[in-house]
Amino acid sequence: MADIYPRPSTLTRHNDTYPFIAPSHFTGKLKGKVALITGAGRGIGRATSLALAAAGTSVACLSRTASELETLEAEIKQTSNVPTLFLVRDVLSDPVQIISDIEKRLGPIDILVNNAGSSRFGPLYLEKNIDIWWHVQEVNVKAPMALIHACLPSMMKRGSGKIITLGSAAADNSFPFGTADGASKAALQKAHQCLDIEMRGTGIVFYCIHPGGTSTTTMGRGDGVNMEAMALPEVQRVGMNFAKTALTDTLALAADSIVFLAADERMEVFSGRYLDCCQNMEELLQNKDKILSEQLNMLSIKRL
């Protein structure tokens, strides 16, 4: 079965965490730092919240679901002794108020993890309500950009900050029935490339990452799949192919990669570039000069 989500690479690929990015390397490294994690109630967001707390980070965890935050709070308090804040909010609610509430309780945000996302799988021509398609753009693009916008003044004043936004391999792969995801993730990648250029010299670093594909993807939740369209054999085939070939990575790979990016200053040379967490980060650093000189890991249009 052909992979509809090809990610060719000359570097070693991983689908689980590995020693070079192990959180044990960064014990205490992030102590005193404040991180906001959106979509923290489940999946990658939950795993990242736990990993950052274990590294000593004060964590503000945002989710729409109170019950998920309650169990996350209990787990963090059982495993880590760090300041915490749990906010039952929608990422599309007032971003300035969200940041203000966190700063009042925990202090200025040092690390913003834009994890919350949405998806929509199905043919565009079968959308009965285009607002469902557009909602993906609002959650995947408007919400993270609004939170970045709200964080930037304080980060600029302090001369430091890490923005880690969950993009996707959908940003540079085209496949049928994925217009909503592809458009939103490409927009995020390009926005981070532009931000890196305009914010150079401020001490703020921008990462847009493919976290790997996990079974906790938003596809299949709520409006994530156009269920009527799944009656079509071709839509079924592509959907099953995606599930079998693209959703094979662990939560630990994503969470440990995010902690690594937050803690290891060597990666800052890749600010603005697309980073695939399935690629070996040590080998990525070894190829730094080639990546920078040849403008690799950038979203661009090839022309004659």
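Is leucine 232 buried, partly exposed or exposed? In this predicted model, leucine 232 has a relative accessibility of 33%, so it counts as partly exposed. Its place is the loop between strand E6 (204-210) and helix H6 (233-246). Together with Tyr125 and Leu126, Leu232 forms a nonpolar patch on the surface, and the three have about 310 Å² of accessible area together.

The buried residues of H6 are Val235, Val238, Gly239, Asn241, Phe242, Thr245 and Ala246. Viewed down the axis of H6, these buried residues fall within an arc of 160 degrees, so they line one face of the helix.

Helix H1 (residues 43-54) can be read in a similar manner. With 12 residues at 1.5 Å each, H1 should span 16 Å; the end C-alpha atoms of H1 are 17 Å apart, which agrees. H1 is mostly covered, with 10 of its 12 residues buried. Among them are Gly43, Arg46, Ser49 and Leu52.

Aspartate 94 is in the loop between strand E3 (84-88) and helix H3 (95-105). Its relative accessibility is 43%, and aspartate 94 therefore counts as partly exposed. The side chain of aspartate 94 reaches the backbone nitrogen of valine 96 at 3.1 Å, and a polar atom of that side chain lies 3.3 Å from the backbone nitrogen of glutamine 97. The C-alpha atom of aspartate 94 is also separated by 9.6 Å from that of alanine 143, a residue 49 positions away along the chain.

Serine 168 is found in the loop between strand E5 (161-166) and helix H5 (179-198). At 10% relative accessibility, serine 168 counts as buried, because the cut-off for buried is under 20%. The side chain of serine 168 reaches the backbone nitrogen of alanine 170 at 2.9 Å.

The structure holds 14 salt bridges. One of them joins aspartate 276 and arginine 13, with the closest N and O atoms 3.0 Å apart. Aspartate 276 lies in strand E7 (residues 274-276) and arginine 13 in the segment before strand E1 (34-38), so this pair ties together parts that are 263 residues apart in sequence. Aspartate 276 is buried, with a relative accessible area of 4%, whereas arginine 13 is partly exposed at 33%.

Another salt bridge is formed by glutamate 228 and lysine 128, where the closest N and O atoms are 3.0 Å apart. This pair links distant parts of the chain, 100 residues apart: glutamate 228 is in the loop between E6 and H6, and lysine 128 is in the loop between strand E4 (111-114) and helix H4 (130-158). Both glutamate 228 and lysine 128 are exposed.

Arginine 200 forms a salt bridge with aspartate 196, again with the closest N and O atoms 3.0 Å apart. Arginine 200 counts as exposed at 57% relative accessibility, while aspartate 196 counts as buried at 9%.

Methods: Residues numbered from 1 in each chain as written. Predicted model: local features only at pLDDT ≥ 70, side-chain atom pairs only at ≥ 80, totals over all residues. Heavy atoms only, no water. Helix = DSSP H or I, 4+ residues; strand = E, 2+ residues; numbered from the N terminus. Buried < 20%, exposed > 50% of the residue type's maximum accessible area, 1.4 Å probe, protein only. Polar contact = N/O pair within 3.5 Å; in protein donor to acceptor, adjacent residues only side chain to side chain. Patch = residues over 30% accessible without salt bridge, like charges linked within 9 Å, V, L, I, M, F, W, Y side chains within 5 Å. Areas by Shrake-Rupley, 256 points an atom, 1.4 Å probe, with all protein chains shown as cover. Salt bridge = Lys/Arg side-chain N within 4 Å of Asp/Glu carboxyl O. Arc of directions from axis to C-beta. Expected span 1.5 Å × (residues − 1).
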